[in-house]
Amino acid sequence: MDSVLVVFFLLLGACGAFILDDVALPQYYKYGKSLVLVGGALAENNSEIYNAIIEMSGGRGVAKIGIINAASLDPVGGYQYYRDVFLKYGALEANRIPIDVNHTSANADPKVVSLIRRQTGFFFGGGDQQRVIDTLYTQTSQGRMESPALAALRERFNLGAVISGTSAGTECQPNKLMINNGMSYEALRYGVHTTYSEDHPDYLVYNPSGGLGFLDGFIIDAHFSERGREGRLAVLLDETRRQFHISRGFGVDENTALVVTHAESDAITGKVIGQSGVVFIDVTHAHHDPHSIYYSISNVLFHYLTNGDQIGLRNLNISFSPRKTPMRGHENYDHALTSDDIFYGKHRNSDHKPEFTRAATSVFDSRLDTSTYGDTYESHPTFRVILTRMAYSVGYVERKSSFHTDLTSYENLVVSIAERKQTFQTRVF
């Protein structure tokens with residue numbers, strides 16, 4: 001009889017453990033399935049972003065962060081850095097999930113799977129996003145197959161464990177398409193490719209099998225404004241939308257995050273936190289000219305959201321932060337700015353807004369101009385980007401000390417890109 005009772009309680013305990021694995025985490029009831037997607041260059045002192053990850057993993061003294069540094073060439077060293085930072089911000093644990101391209105067999109190790117199932121949140125470090133895919137998927141004769149480790153990650157995500165990442169750790173998260181590499185000018189000049197060539201290292205390359213699949217309906221980019229990636233995301237969306245039926249994407253700026261809550265539901269929402277902004281690009285109603293010698297597209301919608309702004313990710317309804325005020329009727333300048341290197345980013349002067357952001361936001365701060373332009377520095381051909389504020393376009397701003405420090409957001413900027421036909425004098429301040 002005693003032995004029967006022992007077996008009964010052992011079975012009861014096993015069932016209890018099984019049931020516990022399927023119980024939603026407490027944070028699920030507030031955030032649903034959630035992500036924190038950082039655009040790279042995440043500063044150690046960015047308490048807003050680190051605190052958000054901790055909070056969405058259960059809170060200080062509760063959060064158990066699984067760190068996946070598979071994108072990095074130095075997975076262990078990167079883990080040690082993030083472990084120290086997360087513990088400093090109040091995580092109960094910061095555990096290394098020991099899987100990378102040099103240890104792919106670990107993606108089926110029961111001990112690793114068990115470790116994943118004990119975490120309340122996850123953080124993917126930066127590096128090369130393809131290494132994350134090669135780590136968490138297994139290649140078979142029928143194509144790639146989800147590993148037990150990835151299946152466990154998905155189980156935890158479905159129960160409320162936040163998926164967060166920076167740089168490549170953000171770019172690897174979409175479902176159908178994943179950007180691998182490329183520059184904006186080369187995307188305009190040479191189109192899109194599915195394989196990387198050392199002879200053409202700046203060509204736009206994407207993975208048609210997609211990323212990890214934690215966010216559907218968007219192509220995701222990072223280091224966005226700082227590296228002038230507006231062109232490459234617009235081209236990729238336009239060139240693939242008929243095959244993959246994805247017409248929207250977003251690019252996250254450095255030291256900035258898009259916090260996604262209630263993913264995979266009609267209530268899915270994104271909120272911008274951190275230093276800069278997130279660009280949303282919509283090519284749903286864009287027109288691609290098939291008769292042009294060089295790439296030509298018009299009627300592309302751009303939205304730029306900064307700290308505190310929110311967007312419904314089903315319908316793209318935008319709510320600007322209450323700290324911001326409308327710009328129409330309160331513009332600070334007569335004319336908008338132009339650029340002779342529109343996709344340069346901000347490497348020229350780190351105290352200034354990136355080039356595309358500088359020109360685009362200036363349209364909303366101009367009393368007299370409703371349109372401006374920026375040219376590519378590269379030639380043969382030179383492409384011209386036209387930025388137009390329509391009657392239905394709106395800009396909001398939180399005024400700071402200068403144009404370059406103002407926190408400016410906008411909705412419905414209409415963008416067209418084509419070969420430049422003539423030259424004009426540029427305006428800079």
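The legends below describe close-up views of a predicted model.

Residues are numbered from 1 along each chain as its sequence is written, and side-chain values use heavy atoms, with hydrogens and water left out. As the model is predicted, local features need pLDDT of at least 70 and side-chain atom pairs count only at pLDDT 80 or more, whereas totals for chains, interfaces and linings use all residues.

View 1. S2 and S3 pair in the parallel sense over four bridges, and isoleucine 67 has arginine 96 in S3 as its bridge partner.

View 2. H4 has 14 residues and reaches 20 Å from its first C-alpha to its last, close to the 20 Å expected at 1.5 Å a residue, where the expected span is 1.5 Å times one less than the number of residues. Its buried residues (under 20% relative accessible area, 1.4 Å probe, protein chains only) are Pro75, Gly78, Tyr79, Tyr82, Val85 and Phe86. These residues cover an arc of only 130° around the axis, taken from the directions from the helix axis to the C-beta atoms, which puts them on the same side of H4. They pack, with contact meaning heavy atoms within 4.5 Å, against helix H3 (47–55), strand S2 (64–68), strand S3 (93–96), strand S4 (121–124) and strand S7 (162–166). H4 is followed by glycine 90, whose phi is positive, near 110°.

**View 3. Aspartate 365 in its loop.** Aspartate 365 lies between helix H11 (355–364) and strand S21 (371–375), and at 2% relative accessibility this residue counts as buried. Its side chain reaches the backbone nitrogen of asparagine 332 at 2.9 Å. Beyond neighbours within four places in sequence, the contacts of aspartate 365 include Met327, His330, Tyr333, Arg399 and Phe403.

**View 4. Aspartate 134 in helix H6 (residues 129–136).** Aspartate 134 lies in this helix and, at 38% relative accessibility, counts as partly exposed, the class between buried and exposed, the latter being over 50%. Leaving aside neighbours within four places in sequence, aspartate 134 is in contact with Val101 and Thr104.

Conventions. Helix = DSSP H or I, 4+ residues; strand = E, 2+ residues; numbered from the N terminus. Polar contact = N/O pair within 3.5 Å; in protein donor to acceptor, adjacent residues only side chain to side chain. Pairing = 2+ DSSP bridges.
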